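Q: I'm new to reading protein structures. Could you walk me through this one?

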Protein chains: 4
Amino acid sequence: MSEGETLSAAVIGGSGFTGGELLRLLAGHPNFEIAQATSRSYDRKTVGSVHPNLRGVDLRFSDPADLESVDVLFAATPHGVSMGQIDTFFEHADTVVDLSADFRLNTVEQYDEWYDGHTASEYLDKSVYALPELTREELPGAELIAGGGCNATATILGLKPLFDAEILDGSEQIVVDVKVGSSEGGAGGGEASSHPERSGIVRPYAPISHRHEAEIEQFLGVSVSFTVHAVDMIRGASATCHVFPGAPVSKGDLWSAYRGSYEDEPFMRLVAGGGGVYRYPEPKAVAATNYGEVGFELDPSNKRIVVFSAIDNMMKGSAGQAIHGANIALGLEETAGLEFMGLHPVGAP
Amino acid sequence: MSEGETLSAAVIGGSGFTGGELLRLLAGHPNFEIAQATSRSYDRKTVGSVHPNLRGVDLRFSDPADLESVDVLFAATPHGVSMGQIDTFFEHADTVVDLSADFRLNTVEQYDEWYDGHTASEYLDKSVYALPELTREELPGAELIAGGGCNATATILGLKPLFDAEILDGSEQIVVDVKVGSSEGGAGGGEASSHPERSGIVRPYAPISHRHEAEIEQFLGVSVSFTVHAVDMIRGASATCHVFPGAPVSKGDLWSAYRGSYEDEPFMRLVAGGGGVYRYPEPKAVAATNYGEVGFELDPSNKRIVVFSAIDNMMKGSAGQAIHGANIALGLEETAGLEFMGLHPVGAP
Amino acid sequence: MSEGETLSAAVIGGSGFTGGELLRLLAGHPNFEIAQATSRSYDRKTVGSVHPNLRGVDLRFSDPADLESVDVLFAATPHGVSMGQIDTFFEHADTVVDLSADFRLNTVEQYDEWYDGHTASEYLDKSVYALPELTREELPGAELIAGGGCNATATILGLKPLFDAEILDGSEQIVVDVKVGSSEGGAGGGEASSHPERSGIVRPYAPISHRHEAEIEQFLGVSVSFTVHAVDMIRGASATCHVFPGAPVSKGDLWSAYRGSYEDEPFMRLVAGGGGVYRYPEPKAVAATNYGEVGFELDPSNKRIVVFSAIDNMMKGSAGQAIHGANIALGLEETAGLEFMGLHPVGAP
Amino acid sequence: MSEGETLSAAVIGGSGFTGGELLRLLAGHPNFEIAQATSRSYDRKTVGSVHPNLRGVDLRFSDPADLESVDVLFAATPHGVSMGQIDTFFEHADTVVDLSADFRLNTVEQYDEWYDGHTASEYLDKSVYALPELTREELPGAELIAGGGCNATATILGLKPLFDAEILDGSEQIVVDVKVGSSEGGAGGGEASSHPERSGIVRPYAPISHRHEAEIEQFLGVSVSFTVHAVDMIRGASATCHVFPGAPVSKGDLWSAYRGSYEDEPFMRLVAGGGGVYRYPEPKAVAATNYGEVGFELDPSNKRIVVFSAIDNMMKGSAGQAIHGANIALGLEETAGLEFMGLHPVGAP
């Protein structure tokens, strides 16, 4: 498309956290115009009545049964919803960006291993996974984009340079210990996510068998030992990867690897040591932004590399990444609408 | 100035919280270019080494002794510093925006009542107080701008419509009970602001005699009963004003008053009742933005009006308001660089 | 009863927050033995499966339909439940301690003004309100005890000395601005109390017309201007009372008043000024205890007294106060089971 | 000693967090009487002026130069202080309990590897490490007790049953990913621990080379891959151990191992799965108590055991464990003064 052209966009499932974040980003995006936001529960209510930051946006939710035709449709619905409506989506839009897990995996076998039966498996090999640092080449012109999962994104961003640089070959032991904020649980919340029960915790949330392992395995070609903890923040996902390379590695090797993978990436920052308060990646430093930070230390006595990776799960881990992917797919400026640089001080936030 | 022109700006005291917020806003502002950021303690360090959100900004702190000439100088130094350097500031800039209390009050008598002796009192009647909703008419062309204090701003924004509409005449009892976040204490921090002592508190921070009373009295012409509490948030100031009007007032009167004062204001929102989670103003709803929210309830049995006012103390309460004032003073688009609409969910943030 | 005797106790509604706190206190009390804890939802589950701190207590919830006979029955059910079962309660226990609002007010007229129709109003004038600092004389031998409401307790404790010392006579303007933690909302929680929406807030929770005003009015004989805010803590209620006495008052008068009312009280502490981090009452300083702290400042310019009062709403504001009242009613050591002195550092907690 | 006898106790370094916790526990202990609490900075101030929970304790700090003779001396001073005063300590007390790292390691070689030169190395082989679940047999009659480090304690408690049951033999890869609260940083605090910078974080605090590895290695005979993160809580340490046993292991094997090690331990609880909100060990569930919780999951696909271990670092991780050790050393009831069962809800706390 030509510079300055405006594309119409719809957000399906606009009352959830991810839907609200999409609306926020689209409202501030130079190339998109929000044509529709759907919500079954909040039909006809203003978007600002659910998302107080959108009080200045003149838009009301509409019923998901009344889809309008748009250039791009973003689906921010729970897992399993998009696969049932994907044909309808494509009747109303040329480009569909799905933020659920429905189209992230390549084969129905993979899907069935981690989720329940897929009902639109013919789309699986047509979708392009949107973790742009990994799949940038495949995105231009993509019609179905599957945004990467938040914890998978943090992990893949942390480990990818080690594979790119052949420091790892897939045979190594990799432990990934993840800490996430409460927004990962979505809006609404039950007892476990109520403030009295959820505040101040370090809670094993997915000790084993977290579904994002499937994405990590698909893209890195390696099975990781993956455990997720819930901690007291709202936004943010932090992955600490404990990696045991087969051959000796130096700090210089690591700097080369991470610089090699990310030095041209507009949203990746390398943070490893140095002075001050923020010496390694942490979610606070990227909160409210589409940036990812990665860093590392080398533990000589154990021949261990410790990799830290931090993102805002609502942004780089879902809505921001979806916009990033759409920008590339549609030939827009890659960073359009995603320039916000974050806050200091800020509470994660 | 003509649209699209770029002005050079300096930030004095760039390593503090307010200085960092100014740098963030200036870096994203279409009409400013940061020429210099000074910090005695962090001389030659990158701004990103102190403010992790500014890691992408290519700028190092310089010594405050080495001022460059700029179009606009923003001073984010502790109270008492600017008055000693104001002549130097004007040697290097045509426009000075001071965020401290040094030039907020009109007379040296007022200053001496609340602070210690003023050393540049000849500037007091030249400065324009920047709470644009109050002083917009005086700002164009102003050479010395004094940004309003955070708690004073929250209070004045909450009460002003009642005076505008002559619901209050200054003879009434007004209690203002304020709750603030930890960023008001500034960077560095001592024992009382350490995380173990500062978390989870409702702490009487200024039970009486808070200096911002002076600003409130100067602009509203009334002495208020003012008490400030520290609570567990980082950004945010919330003022609850308990007001006892002399004559009966209806909810309709209140709606008229608040709409009359703010309906054309780009940064003010009226939030009073309605459904959902966010029924009244609260800091979370405006966190990271330059918006202020005000709302009210009427307590018939007590002939009391309860007014709620919420701002982000770092933004509408200091750096954002300073940019807002500078935009108007310099003939720029009033909202330039201040369009960020906030986040949901967010932790205050 | 004689020293060392053990009384059997039941807790009705044992799976809620207040019920769990009662169970904790009773389990550690030298004179009580828990005979039964009821919960409709968790029938036959261990109390530790709901309250993780009670994992060491060998007790399972039973159905509330199967009441056993005990010496004392504590009812921690939602408002309106106890009044429907009060006859049944007395069939199974000689002493009933109700923690709801059902029996706090003296007359059905008062009740109807603030709640909906009372169905057991014949008990209203038989119950003794358990705010022992206020009603100690009436408690010995009481058969029906109504534990005071948390926010009313904080307020009454703060203001009572001013009435005792005749600094106030009931004709004055009194503004009470309360800040409370999330445990006041009870277990379970909906959207507004979910962690992403509830964290980091200063939220007008009851701008006007909070029902605890009824208790304050009943016991202090004065109508107060009452507003409650939710803030980011779990336990804790803090009342700031802005009081405007008719005649001049000195700090000495205030010290005399507060010492006069509380110097012999085992659970009251006077905290007003001094050095260090904790200069005034705050919930952190009394978290997890049955202590209440009160303090004050005098604002000469406004002829205002600012009173601060802080309690743990789960303890002094409900379960602790209920045990305290029961101790006195039953002739036990007043402080039995309530000696825990709190924690430092602690997060409110 | 005979039941009911009272021992005099001193706390050296009583104004720090650990010192305050010792004072709290001693004040509530049936067999100890606090004879002295020293603090250089707060000499002659009341202990309640520093620790607000101790306002009811009638005791003032004294100068550490004026030691009194006592039965037991607890030293809660920074690392390196006790070794310089150990002879003086023993001149004033028969039993010394040191909470620093000074006497935890057996040999000067071990000490020098992790800390700087030891100046009282002749005491190293006389001290008994107080992690009673590990060293109970050696504690009775011990004259010098070295309380275990908080993060080491959490880790050792989690892993010990796997060694006891010979599921591990020391040749396996063990990754320990620890999350800790802000009280581990001690009182006072600098910029990194200020509330605005410390709230809402997941911060790599000791990516590699944490000194507690030395204790783990000494007692488990294995080198672990150890990384510590700071998260947003005040009290609490949580260790997640990712363990890769050499031979296949079943869940039954794990239950047997953990039950075998801990079923008779008064302060250990096994929490693995089940329903409700609290399915695995977490710091909230043991906050303010001397309990440790351990639990596990088995990850078949990776032949990985994930072990979770949670303690309150101020209690089981320091002051509580010191009292526990002293109780055993002195022939007191093992659980005396440590019976507090914790709180629900609570904020970690």
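Predicted model: local features only at pLDDT ≥ 70, side-chain atom pairs only at ≥ 80, totals over all residues.

Q: Where is Asn313(A), then?

A: Asn313(A) sits in the loop between β13 (304-311) and α11 (319-329) of chain A. UniProt, in an unreviewed entry, lists Asn313(A) under "binding site", together with Ser15(A), Gly16(A), Phe17(A) and Thr18(A).

Q: Is Asn313(A) buried or exposed?

A: Buried means under 20% relative accessible area. Asn313(A) has 3% relative accessibility, so it counts as buried.

Q: And where does Ser15(A) lie?

A: Ser15(A) is in the loop between β1 (7-12) and α1 (17-27) of chain A. With 18% relative accessibility, Ser15(A) counts as buried too. Leaving out residues up to four places away in sequence, Ser15(A) touches several residues, including Tyr42(A), His51(A) and Phe61(A).

Q: Which residue does the "active site" annotation cover?

A: That UniProt annotation, again from an unreviewed entry, covers Cys150(A). You'll find Cys150(A) in helix α6 (residues 150-164) of chain A, and at 12% relative accessibility Cys150(A) counts as buried.

Q: What is Cys150(A) in contact with?

A: Contact means heavy atoms within 4.5 Å. Setting aside neighbours within four places in sequence, Cys150(A) is in contact with Glu184(A), His212(A), Ile311(A), Asn313(A) and Gly317(A).

Q: How do I read the way two helices cross, say α6(B) and α9(B)?

A: Look at the angle between their axes: 65 to 115 degrees counts as roughly perpendicular. In chain B, the axes of α6 (residues 150-164) and α9 (residues 251-262) come within 8 Å and cross at roughly 110 degrees. That's why α6(B) and α9(B) are roughly perpendicular to each other. The residues of this contact divide into 8 nonpolar, 2 polar and 2 charged.

Q: One last thing: how do I compare copies of a chain?

A: Two copies of a chain are related by a rotation about an axis and a shift along it. Here, chain B can be laid on chain D by a turn of 180 degrees and a shift of 0.0 Å along the axis, with an RMSD of 0.0 Å. The two copies are thus related as by a two-fold rotation axis. Also, 100% of the interface residues of chain B are interface residues in chain D as well, so the copies meet through the same surface.

Notes:
Residues numbered from 1 in each chain as written. Chains lettered and ligands numbered in written order. Heavy atoms only, no water. UniProt positions renumbered as here; feature names shortened; annotations may be inferred. Helix = DSSP H or I, 4+ residues; strand = E, 2+ residues; numbered from the N terminus. Buried < 20%, exposed > 50% of the residue type's maximum accessible area, 1.4 Å probe, protein only. Axes fitted to C-alpha atoms, helices over the stretch in contact; angles between N-to-C directions. Parallel < 35°, antiparallel > 145°, perpendicular 65-115°, else oblique. Nonpolar A, V, L, I, M, F, W, Y, C, P; charged D, E, K, R; others polar. Least-squares fit on C-alpha atoms with pLDDT ≥ 70 in both.
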